[in-house]
Structures are given as structure tokens and as C-alpha cells.
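Thanks for coming, everyone. I have one structure to walk through today. Please look at the screen.

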Amino acid sequence: MKITYDTIADALYIYTNGHKKKAKKTEQVRPDLLVDFGSKGELLGIEILDVSAKMPKSALKSVNFELSAEK
């Protein structure tokens with residue numbers, strides 16, 4: 001899993017597969033929450049908009065990280 005924060009767009013993106021893939025379909029769950037799916041219906045990522053209104057700005061400075069779970 002990879003999580004990034006775009007300061008210009010004020011958006012947090014959670015990559016479920018660890019890297020960006022082109023979404024085949026995007027569903028808007030709420031005005032500030034988008035979910036991307038791949039060509040086989042697999043969950044690719046979750047985008048949260050207007051993040052600075054939901055999280056302290058100090059937490060957003062260190063939000064970019066990757067988590068890899070090897071089998």
C-alpha cells in the first residue's frame with residue numbers, strides 16, 4: 001500500500017496495489033471521496049479531497065509512505 005498527499009490538489013490518495021494504475025472506472029461515494037477500480041473490477045485506490053479540512057496540517061507533512069507486505 002502507498003499513501004500520498006498532493007498539497008496543490010489538497011488530496012490524499014491510497015494506492016491499494018502500491019503503485020498508480022489507470023482506472024477503468026471511478027465512483028464518487030461522496031463529494032469528497034472517490035474510489036478507483038481497474039478493468040477487472042479490482043480496487044485500485046481511494047482519493048480523499050479537501051484533506052486539510054479533515055486532518056491537522058502537521059500530520060500532512062509526513063503522510064507520504066509505502067507499506068509492502070511480502071508473502
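Let's start at D32. D32 sits in the loop between strand 3 (25–30) and strand 4 (33–37). A word on terms: helices (H or I, at least four residues) and strands (E, at least two) are DSSP runs, numbered from the N terminus.

Before going on, the ground rules. This is a predicted model, where local features need pLDDT of at least 70 and side-chain atom pairs count only at pLDDT 80 or more, while totals for chains, interfaces and linings use all residues. Residues are numbered from 1 along each chain as its sequence is written, and side-chain values use heavy atoms, with hydrogens and water left out.

Back to D32. Is D32 buried or exposed? D32 counts as buried, because its relative accessibility is 14%. The cut-offs: buried is under 20% relative accessible area, exposed is over 50%, and partly exposed is in between, with a 1.4 Å probe and protein chains only.

Which side chains does D32 meet through polar contacts? One is R30, at 3.0 Å between the side chains. Another is K54, with side chain to side chain at 3.1 Å. A polar contact here is a pair of N or O atoms within 3.5 Å; within protein, one must be able to donate a hydrogen and the other to accept it, and residues adjacent in sequence count only if both atoms are side-chain atoms. Setting aside residues up to four places away in sequence, D32 touches E47, I48, L49 and K54. Contact means heavy atoms within 4.5 Å.

Strands 3 and 4 run antiparallel, joined by 5 bridges. Two strands pair if DSSP finds at least two bridges between them. A hairpin links strand 3 to strand 4 through 2 residues. K25 stands opposite F37 in strand 4.

Stay on strand 3 for Q28. Q28 counts as exposed, because its relative accessibility is 55%. Its side chain reaches the backbone oxygen of R30 at 3.4 Å. Leaving aside neighbours within four places in sequence, Q28 is in contact with L33 and L34. E47 is 19 residues from Q28 along the chain, and their C-alpha atoms are separated by 9.6 Å.

Next, backbone angles. Most residues other than glycine have a negative phi. D10 has a positive phi, near 55 degrees. D10 lies in the loop between strand 1 and strand 2. D10 is buried, because its relative accessible area is 14%. D50 also has a positive phi, near 55 degrees. D50 lies in the loop between strand 5 (43–49) and helix 1 (57–60). D50 is partly exposed, because its relative accessible area is 45%.

What about the core? The largest nonpolar core has 6 residues: I3, Y5, L12, I14, V51 and L60. Strand 1 (2–6) and strand 2 (11–15) each supply at least two residues of this core. By nonpolar core I mean a set of buried Ala, Val, Leu, Ile, Met, Phe, Trp, Tyr and Cys residues joined through side-chain atoms within 4.5 Å.

Finally, the whole chain. There are 1 helix and 6 strands. From the N terminus, the order is β-β-β-β-β-α-β. Of the 71 residues, 27% count as buried. Among contacts between residues at least 6 apart in sequence, 41% join residues at least 24 apart.

That's the tour.
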